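Good morning, and thank you for the time on today's agenda. Please have the sequence and the structure in view while I speak.

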Amino acid sequence: MLSRFVRLGRPEIESVVANGRRFGNRELGLRVLKMGRSPSRFAIVVPAKEVKQSVGRHLVKRRLRSIIQSLSPSILPGFYIVIFCGSITLNWSFPELKERL
């Protein structure tokens, strides 16, 4: 589980979506915004329109949180990062999701 200090709130997510730089594709996308020298913070968005069942949405979020925790020492500080997931990410295995991120 990511600590509350590392997670982004709704106002920060809206700021990143409005002003951040876009990376990725329809299946797995990132929005990144440079925000000073503070530790990098994250949000994971899995829309209910894309993944209908909540079990699937939570599975993808748990996998991505685990990946973020394992990669956090190598992530540069000072970024707000929002990860957007499509429905196909539900079919990816954990190693495949980690590789594509």
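This is a predicted model: local features need pLDDT of at least 70, side-chain atom pairs count only at pLDDT 80 or more; totals for chains, interfaces and linings use all residues.

Four strands form an open sheet, in the order 1-2-4-3, and the pairing is mixed. Why is one side of strand 1 and of strand 3 left without a neighbour in the sheet? Strand 1 (21-24) and strand 3 stand at the edges, and each has a single partner strand, so one side of each has no neighbour there. From one strand to the next, the twist averages 20°.

Let us take two of the pairings in turn. Strand 1 and strand 2 run antiparallel and are joined by four bridges. Here F23 stands opposite L30 in strand 2, and a hairpin leads from strand 1 to strand 2 through three residues. Strand 3 and strand 4, by contrast, pair in the parallel sense, over five bridges. In this pairing I44 stands opposite I83 in strand 4.

How are the helices placed on the sheet? Helix 1 (residues 10-19) packs on the sheet and touches strand 1, strand 2, strand 3 and strand 4. The direction of helix 1 makes about 95° with that of strand 2. Helix 2 also packs on the sheet, touching strand 3 and strand 4, and the direction of helix 2 makes about 160° with that of strand 3.

Finally, I come to the empty space. Rolling a probe the size of a water molecule over the atoms shows where such space is left. The largest pocket has a volume of about 250 Å³. Which of the 14 lining residues lie nearest the centre of this pocket? They are R22, N25, R26, G29 and F84. Strand 1, strand 2 and strand 4 each supply at least two residues of the lining.

Thank you for your attention.

Methods
Residues are numbered from 1 along each chain as its sequence is written. Side-chain values use heavy atoms; hydrogens and water are left out. Two strands pair if DSSP finds at least two bridges between them. Axes are lines fitted to C-alpha atoms, for helices over the stretch in contact, and angles run from 0 to 180 degrees between N-to-C directions. Contact means heavy atoms within 4.5 Å. On a 1 Å grid over the protein atoms alone, a cavity is a set of points where a 1.4 Å probe fits but cannot get out, and a pocket is an open set with protein on both sides within 12 Å along at least five of seven lines; lining residues have an atom within 4 Å of a point. Grid points are joined across faces, edges and corners, and a volume is the space filled by probe spheres set on the points.
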